[in-house]
Amino acid sequence: MAVWLDPAAHSKEFGAIPCPSWLVRHCIALALSASRGEAVGAASRDELVLHDVCACHLLSAALVSLRCDSSSRMVHLQVKRVLIPLLEGLGARSFAISTASRSCLVRLFQLLVEEGTLSNPPSDPSKPISEVAMLLAEYADYLVGDITYRLRYEPLFESESSGFHESSLPAMLVAVVQHAGIEMTPFLVDVVHALITGHNTTD
């Protein structure tokens, strides 16, 4: 499916195969529902890692296909849908999942630049800033609002039939802290305050 969505993979003889936007959006939903294994758990089973890496590849291909749509800012409309799951993957324990998620985030940033939603990173070598850091800064309000809400109301561990299931919140916090630039500092005050005041432990 990811190969079919990728315009670069189509043969020159037959050209690109038209892909309706509803199918692309369905692929995004499929990738997001699939990437819930290693990114939110302590397991390191190879099948879960492969599962999440393939989900990242499908998501990246779907976003590229969406960018090829004639409608403007189609990728931007999906940012709030995909950004947090990708950050959860970025903070995963698995190096493979973290790398795949970072690659997808960089591709997301590039697509947003292509469609004019974001600007290219500054070319000043004395002040380097990564694509992920620029995404975090651009959508800081949304991210911090989600993080503080979850810190107050989301349990860190959820009871399941097989035991306790770890929340994806710690993984996202790791990703944000590791990749945020200096421009994110004012927005992280609310996060620090939520951490200091304590996590909600009520059922």
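This dialogue explains how to read several features of a predicted model.

Q: Which conventions apply to this model?
A: The model is predicted, so local features need pLDDT of at least 70 and side-chain atom pairs pLDDT 80 or more, whereas totals for chains, interfaces and linings use all residues. Residues are numbered from 1 along each chain as its sequence is written, and side-chain values use heavy atoms, leaving out hydrogens and water.

Q: Which residues touch the most other members of the largest nonpolar core?
A: A nonpolar core is a set of buried Ala, Val, Leu, Ile, Met, Phe, Trp, Tyr and Cys residues joined through side-chain atoms within 4.5 Å; buried means under 20% relative accessible area, with a 1.4 Å probe and protein chains only. Here the core has 49 residues, and Leu59 and Leu87 touch the most other members. Helix H5 (95-114) supplies the largest share, nine residues; helices are DSSP runs (H or I) of at least four residues, numbered from the N terminus.

Q: What is Leu59 in contact with, leaving aside neighbours within four places in sequence?
A: Contact means heavy atoms within 4.5 Å. The partners of Leu59 are Ile28, Ala31, Leu32, Val82, Leu86 and Cys104.

Q: Is His179 buried or exposed?
A: His179, in helix H8, counts as buried because its relative accessibility is 19%. Not counting residues up to four places away in sequence, His179 touches Leu90, Val132, Ala133 and Leu136. Val132, Ala133 and Leu136 are among the buried residues of H6, and the cover over the buried residues of H6 includes H4, H5, H7 and H8.

Terms used:
Buried means under 20% relative accessible area, exposed over 50%, partly exposed in between (1.4 Å probe, protein chains only). Helices (H or I, at least four residues) and strands (E, at least two) are DSSP runs, numbered from the N terminus.
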